[in-house]
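With the model open in your viewer, please follow the stops below in order, making each selection before reading on.

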Amino acid sequence: MTELAIGFLNGFGLPPIEFVELAADLGCRYVSAVVQGAPLVPLGYAPFSLKDDPALRSNVLAAMRHHGVAASLGDGFLVLPDTETSSFAADLDVLAELGVPRINVVSLDPDLGRTFDQFAALTELAAQHRIQTLVEPVPGLTVGDLPTALAAREYIGRTDFRLLIDTMHLVRSGSGAADLAAVEPEHIGYAQLNDTTLRPRLENYMEEAMFERMVPGEGELPLADILSVLPADIVLEIEVPQRSLALAGVSPIDRTRPCVEAARRLLAEVGR
């Protein structure tokens with residue numbers, strides 16, 4: 001049975017303990033985590049740092065244990081042209097303490113060779129913390145599509161460096177279920193579920209990706225086809241940020257519940 005996670009981007013900076021409670025209230029076993037939290041939408045949330053606030057870190061761990069919720073992914077790892085991989089060590093320390101099994105990395109360094117080298121170095125550093133590394137292909141970023149992500153995996157050549165498949169990014173970058181079916185299942189380590197239209201709804205791609213996605217099944221992506229070829233044993237994270245609803249006063253749970261219900265319907269449809 002595929003387990004569901006709630007992606008932190010849905011909360012736009014919702015404090016981490018409240019985020020754990022949100023997942024528990026929706027019957028989800030997992031959440032994604034960030035080390036530094038900042039409000040992405042003016043909803044009155046205060047910034048937080050799990051790295052600089054040991055008491056908060058302890059309280060988050062206690063909340064996770066109390067509610068039976070675990071962190072499935074550490075998000076927010078970004079490679080820039082001047083990135084020193086060693087700078088990620090403290091964040092990895094925090095995520096290891098929280099029991100996070102994998103991190104997600106993307107690159108804004110236009111040099112593809114240097115990007116691959118930084119991914120390799122990060123994978124080695126994360127492995128020292130018993131954490132796997134995933135690359136998420138995102139249109140417009142250095143690793144922008146499935147073929148480039150597979151090239152990164154081939155270059156790094158480690159079993160603990162795998163792919164994260166986001167349904168919006170997969171389709172908008174020109175791939176689909178057939179391309180995904182051709183990928184060795186062990187090369188895929190995680191997936192993020194969301195919906196959108198086939199053509200852009202906003203002028204800026206990242207604006208749409210960060211702030212306005214659609215409930216699974218309400219857009220035009222071939223989600224059932226994609227889910228049917230994803231490995232059955234990976235965590236499926238719901239990542240459906242909806243800024244317009246948040247600003248209209250719709251609570252995090254009322255924004256997220258329809259997404260969880262839709263995900264469960266889709267999984268049942270494909271026998272997951």
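**A tour by selection**

Begin by selecting residues 20-241, a stretch in which the chain is 37% helix and 19% strand, and whose end C-alpha atoms are 17 Å apart. The UniProt record, an unreviewed entry, annotates residues 20-241 as "domain: Xylose isomerase-like TIM barrel". Please keep in mind throughout that this is a predicted model.

Next, select helix 1 (residues 16-25) together with helix 2 (residues 54-67), whose axes come within 9 Å and cross at roughly 10°. Because angles under 35 degrees count as roughly parallel, helix 1 and helix 2 are described as roughly parallel to each other. Showing side chains here brings up the contact, to which helix 1 contributes Pro 16, Ile 17, Val 20, Glu 21 and Ala 24, while helix 2 contributes Leu 56, Asn 59, Val 60, Ala 63, Met 64 and His 67. Divided by class, the residues of this contact between helix 1 and helix 2 are 8 nonpolar, 2 polar and 1 charged.

Move on to helix 4 (residues 112-128) and helix 5 (residues 146-156), which pack at an angle of about 55° with their axes 10 Å apart. Helix 4 and helix 5 are therefore oblique to each other, and helix 4 passes helix 5 in a right-handed crossing. On the helix 4 side, select Leu 112, Phe 116, Asp 117, Phe 119, Ala 120 and Thr 123, which meet Thr 148, Ala 151, Ala 152, Tyr 155 and Ile 156 in helix 5. The contact of helix 4 with helix 5 comprises 8 nonpolar, 2 polar and 1 charged residues.

For the last stop, turn to the aromatic rings, among which 6 aromatic pairs are counted. One of them joins Phe 8 and Phe 48 in an edge-to-face arrangement, 6.1 Å centre to centre and with 70° between the planes. Selecting both residues shows that this pair links distant parts of the chain, since Phe 8 lies in the loop between strand 1 (4-6) and helix 1, whereas Phe 48 belongs to strand 4 (residues 48-49), 40 residues apart.

Definitions and conventions: Residues numbered from 1 in each chain as written. Predicted model: local features only at pLDDT ≥ 70, side-chain atom pairs only at ≥ 80, totals over all residues. Heavy atoms only, no water. Axes fitted to C-alpha atoms, helices over the stretch in contact; angles between N-to-C directions. Helix = DSSP H or I, 4+ residues; strand = E, 2+ residues; numbered from the N terminus. Parallel < 35°, antiparallel > 145°, perpendicular 65-115°, else oblique. Left-handed = near helix turned anticlockwise from the far one by under 90°. Contact = heavy atoms within 4.5 Å. Nonpolar A, V, L, I, M, F, W, Y, C, P; charged D, E, K, R; others polar. UniProt positions renumbered as here; feature names shortened; annotations may be inferred. Phe/Tyr/Trp six-rings, centres within 6.5 Å; stacked < 30°, edge-to-face > 60°.
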